[in-house]
Amino acid sequence: MKIIVAGGDGFCGWPTALYLSKQGHDVSILDSMIRRKWDLELGANSLTPIASLEERVQCWHEITGRKIKIYQGDLNHFDFLREVIRQELPDAFVHFAEQRSAPYSMIDREHAVFTQTNNVVGTLNVIYAVKELVPDCHIIKLGTMGEYGQPNIDIEEGYLKISHNGREDILPYPKQPGSMYHLSKVHDSHNLMFAAKIWGLRVTDLNQGIVYGLETDETKLDPKLTNRLDYDGVFGTALNRFLIQAAVGHELTVYGSGGQIRSFLNIKDTVRCIEIAANHPADKGEFRVFNQFTEEFSVLDLANKVKQVAQEVGFDARIVHLENPRIEKEDHYYHAVHTKLVDLGLESNLLTKDVLREILMTIIEQKNRVIKEKILPDVKW
Ligand code: USQ
C-alpha cells in the first residue's frame with residue numbers, strides 16, 4: 001500500500017512510519033517539524049537525543065534498504081497538502097499531525113486558538129484533498145479516548161444504542177472532553193463523520209488512550225532511529241513521566257488523589273493498531289470508530305507500580321499528591337469497550353513489571369539530559 005504518515009516525526013508517528021515501512025508498505029512522511037519547535041518554545045527537550053528527520057530516514061535506508069520519502073510542510077497549507085496527495089496518490093492517509101498536549105492547549109487564548117485552528121483546519125484540508133484527488137483513500141485519524149470524558153456508564157466504541165420515548169436509534173456516543181485540545185479532536189470527529197456520510201469517504205477514527213514506552217523493534221535498531229520521549233509538565237504523559245521522575249530522584253507527581261482512571265497502551269501496540277486499521281479499510285461512506293487501548297489504570301495505581309519497580313532496582317521512589325492543576329473527576333466510574341481491534345488481530349503488550357523495568361533501564365541511560373525545572377506542571381485549567 002502507498003501510505004502517507006502525517007506527523008511522522010513525532011512520538012507515535014515515527015515508530016509507525018518505520019513499522020509500516022518494514023511491513024513492505026511504500027511510506028511517505030509529511031511533517032512540519034513543529035513538534036521540535038515546541039521544545040524550543042517551552043525550553044524543554046526529549047529525554048532521548050533524536051536525530052534530524054533526514055538522518056533518521058537515511059539511517060533506516062542504510063539498515064533496511066527501504067526508502068521513506070519526506071515531505072516537509074504543514075497540513076494547514078492546502079496547496080502544499082494537495083500537491084503531496086497528487087504526487088503520492090495514497091491508499092491510506094494516517095493522520096497524527098496535530099497539537100496533542102492538553103496542557104499546551106490550556107496555556108492561554110492564543111494556544112487554545114492555535115490548537116483548534118491547527119488541528120481542525122488541518123483535518124478539514126485532509127478531507128478536502130482526499131475528496132478531490134483520492135476519494136477511495138482510507139483516512140486513518142488519531143482521535144483520543146478523552147473525547148468521551150468519564151461518563152457514569154460504559155463507554156462504547158463510537159456509537160451508543162439509545163431508547164427514547166419508545167423509539168430506538170444508534171447515535172454517536174456523547175462527548176465530554178476535558179481540554180481545548182481534547183475538544184479539537186471532537187470537532188475533527190464530527191467533521192470526518194460528516195465527510196464520510198456526505199461524500200462517501202472511508203474513515204477510521206482511532207480513539208487512542210495514553211501511550212507509554214518509547215522503543216519499538218524498529219527504533220531500537222540504531223541510536224539514530226530512537227524515538228523521542230517527553231517528561232515535561234506540558235508534553236510528558238502520566239506513566240512515562242513517573243518513570244523518568246523515579247530515575248532522577250524526583251517525587252512521582254500524582255495530581256490530586258490520583259483516582260483518575262484512564263486507558264493506556266504500549267507504543268508497540270500503537271504501531272500494530274495502525275497496521276490493522278490500514279489492512280482492514282473502512283467501507284465507502286463509513287465513519288468507523290475503534291477504541292485504541294489495552295488496559296485501564298488509575299493514575300495512583302500507575303505511580304505505585306512505578307514506585308515498586310523503581311525501588312526493586314535501587315531507587316528511592318516516593319509519591320507526592322500535588323494540588324490538581326486540571327479540572328477533572330478524581331473519583332469516578334470508568335469502563336470502556338475495546339474489542340474491535342482485538343477482533344481484527346491485536347495481541348496486547350500488557351504493562352508487566354518486566355515492561356516497566358525495561359523502559360526504566362532505557363531512561364536511566366539518558367537521565368542526565370533531564371531539565372529538572374521542567375518536571376512540575378505550570379499550566380492550570
Ligand atoms: N497526571 C498526573 N500526574 C502527572 C501527569 C498527569 O496525575 O504528572 C494525570 C492527569 O491529571 C490526568 C492523567 O494523569 O488525569 C492523564 O494525563 P496525561 O498528561 O498523561 O494525558 P492527557 O492529558 O490525557 O493526554 C495524553 C496525550 C493526548 C492523548 C491522551 C489520551 O497527551 O495526546 O489524546 O493522553 S486520553 O487521556 O485517553 O485522552
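## Strand β4 and its neighbours

In this predicted model, H95 has K141 as its bridge partner in β5. The pairing of β4 with strand β5 (residues 138–144) is parallel and runs over four bridges.

Strand β1 (residues 2–6) also pairs with β4: the two run parallel and are joined by four bridges. Here A6 has H95 as its bridge partner in β4.

In a regular strand, side chains alternate between the two faces of the sheet. Strand β4 (residues 92–95) has A92 and V94 pointing one way, while F93 and H95 point the other way. All of these residues are buried.

Strand β6 (residues 159–164) runs antiparallel to β7, and six bridges join them. Within this pair, L160 stands opposite L171 of β7.

The two strands, β6 and β7, form a hairpin with two residues between them. In its turn, N165 has a positive phi of about 50°. Strand β7 (residues 167–172) has six residues, of which the number buried is zero, so β7 lies largely in the open.

## Around the ligand

There are 22 residues around the ligand, and those that come nearest are T144, M145, G146, T237 and A238. The elements giving two or more residues to this shell are α8 (238–247), β10 (252–255) and β11 (261–266). The most come from β10, which gives three residues.

By type, the shell around the ligand holds seven nonpolar, 10 polar and five charged residues.

Technical notes
Residues numbered from 1 in each chain as written. Predicted model: local features only at pLDDT ≥ 70, side-chain atom pairs only at ≥ 80, totals over all residues. Near = placed C-beta within 6 Å. Nonpolar A, V, L, I, M, F, W, Y, C, P; charged D, E, K, R; others polar. Buried ≥ 20, exposed ≤ 12 C-beta atoms within 10 Å, placed from the backbone. Pairing = 2+ DSSP bridges.
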